[in-house]
Amino acid sequence: AHSDACVANLESEKESFARSIEELSNQKRELEECLASSDAHLQLEKEKLLKSINQEHELEERLAHSDACVANLQLEKETLLKSIEESSNQQRELNDRLAHSDACVANLESEKESFARS
């Protein structure tokens with residue numbers, strides 16, 4: 001009778017252990033699913049961050065390109081302003097020479113008339 005009680009006790013413990021193992025197995029499966037979900041979420045967040053970093057680099061490159069374009073346009077503007085100034089100076093010089101030529105022509109006309117009268 002005592003050994004029957006021990007066997008029954010051991011059978012009961014065995015069933016209790018089996019239930020505990022099954023519960024632990026279920027908990028393990030739930031934790032693995034949770035881990036997989038977390039990994040997937042972390043991967044998505046990583047991809048978002050990488051995309052943001054790439055966009056930041058792209059924007060930095062575009063900004064650098066824009067800065068270079070602005071610098072080039074500024075140089076071109078300065079060159080054009082110098083050309084305009086040189087053209088204005090040449091125009092002024094040509095106007096002065098034209099006025100001088102007109103004055104010379106007027107003087108020669110005046111001398112011609114003076115010679116014609118004499």
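Guide: Let's start with L50, which counts as partly exposed because its relative accessibility is 43%. The scale goes like this: buried is under 20% relative accessible area, exposed is over 50%, and partly exposed is in between, with a 1.4 Å probe and protein chains only. Before we go on, this is a predicted model, where local features need pLDDT of at least 70 and side-chain atom pairs count only at pLDDT 80 or more, while totals for chains, interfaces and linings use all residues. Residues are numbered from 1 along each chain as its sequence is written, and side-chain values use heavy atoms, leaving out hydrogens and water.

Visitor: Where is L50 found?
Guide: In helix α1, which covers residues 2-117. Helices here are DSSP runs of H or I with at least four residues, numbered from the N terminus.

Visitor: Which residues form a nonpolar patch on the surface?
Guide: A patch takes residues with over 30% relative accessible area and no salt bridge; nonpolar side chains (Val, Leu, Ile, Met, Phe, Trp, Tyr) are joined within 5 Å, like charges within 9 Å. Here L49, L50 and I53 make one, with about 280 Å² of accessible area together. That area comes from the Shrake-Rupley method with a 1.4 Å probe, and for residues only the protein chains shown count as cover.

Visitor: How many salt bridges does the structure hold?
Guide: First, the general idea: side chains of opposite charge can pair when their charged atoms come close. To count, a side-chain nitrogen of Lys or Arg has to be within 4 Å of a carboxyl oxygen of Asp or Glu. This structure has 3 of them. One joins E45 and K48, at 3.6 Å from N to O. Those two are 3 residues apart in helix α1, so about one helical turn separates them. E45 is partly exposed at 31%, whereas K48 is exposed at 52%.

Visitor: What about E58 and E93?
Guide: E58 pairs with R62, their closest N and O atoms being 3.7 Å apart. E93 pairs with R97, and there the closest N and O atoms are 3.9 Å apart. E93 and R97 both sit in helix α1, 4 residues apart, about one turn of the helix. With a relative accessibility of 46%, E93 is partly exposed, while R97 is exposed at 52%.

Visitor: How many disulfides does the count come to?
Guide: A disulfide is a pair of cysteine sulfur atoms within 2.5 Å, and by that rule the count is 0. As for cysteines, C6 is partly exposed at 34%, and C34 is partly exposed at 47%.
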